[in-house]
Amino acid sequence: SLAVGGTGVLFALISLLDLVPSIPPRAQSYAGPLVGGISGVMGGTTGIFAPLIAAYIHSLAVEKRVFVYWLTASFLLGGLTQVASYYRMGLYTPVLLLYAIIACIPALLGTRLGFWIQDRLSAALFRRAVLLLVLVSSANLLIRAVR
């Protein structure tokens, strides 16, 4: 939690201060797999993929729909990997699996609400909202790690 929270806070602050360097297209072919690998290790050890992937996609300065698409695709792939790993470890019970499926219903409704909100935000406001969300959630991880 300390490493993930620290990474997220650092990214959010650097981004809010507009100090994020752009990644040249030639470097993206190396940076993408590196970020994916490190995020996979972070996700495998902590269950949290978000900060590094969000920072990388954000540094590419893509349009807000593209940002959300790639972030969601990354979470889907990471989540499916975790589900398969946990299943192989025998961590799922039928009741837990049912709860997970039921939890998808509000997640789907929340996604629709999120798209509705996103459509009404300017690109600049969307960017700030994402960064503030990363900052708050990462600070929460830091606080929990220190306790």
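## Basis of the description

The expected span of a helix is taken here as 1.5 Å times one less than its number of residues. Helices are DSSP runs of H or I with at least four residues, strands are runs of E with at least two, and both are numbered from the N terminus. The structure is a predicted model, in which local features need pLDDT of at least 70 and side-chain atom pairs count only at pLDDT 80 or more, while totals for chains, interfaces and linings use all residues. Residues are numbered from 1 along each chain as its sequence is written, and side-chain values use heavy atoms, with hydrogens and water left out.

## Overall architecture

The chain contains 6 helices and 0 strands, in the order α-α-α-α-α-α from the N terminus. Its radius of gyration, taken over C-alpha atoms, is 16 Å, close to the 15 Å that the globule rule (2.2 Å times the number of residues to the power 0.38) gives for 147 residues, so the chain is as compact as a globular protein of that length. Along the principal axes, the C-alpha atoms fill a box of roughly 45 × 35 × 30 Å.

Of the 147 residues, 24% are buried, that is, under 20% relative accessible area with a 1.4 Å probe and protein chains only; exposed means over 50%. Contacts are heavy atoms within 4.5 Å; among those between residues at least 6 apart in sequence, 75% join residues at least 24 apart.

## Helix α1

Helix α1 comprises the 15 residues 2–16, which should span 21 Å at 1.5 Å a residue; its end C-alpha atoms are 21 Å apart, in agreement. The buried residues of α1 are V4, G5, G8, V9, F11, A12, S15 and L16. They cover an arc of only 165° around the axis, which places them on the same side of α1; the arc is that of the directions from the helix axis to the C-beta atoms.

Cover for these buried residues includes α2 (25–46), α3 (50–59) and α6 (123–146). On the face of α1 turned away from the buried side lie the exposed residues L2, A3 and L10. D18, which follows α1, has a positive phi, near 55°.

## Nonpolar cores

A nonpolar core is a set of buried Ala, Val, Leu, Ile, Met, Phe, Trp, Tyr and Cys residues joined through side-chain atoms within 4.5 Å. The largest has 15 residues, of which F67 and L71 touch the most other members. At least two residues of this core come from each of α1, α3, α4 (64–88) and α6.

Leaving aside neighbours within four places in sequence, L71 is in contact with I53, A54 and I57.
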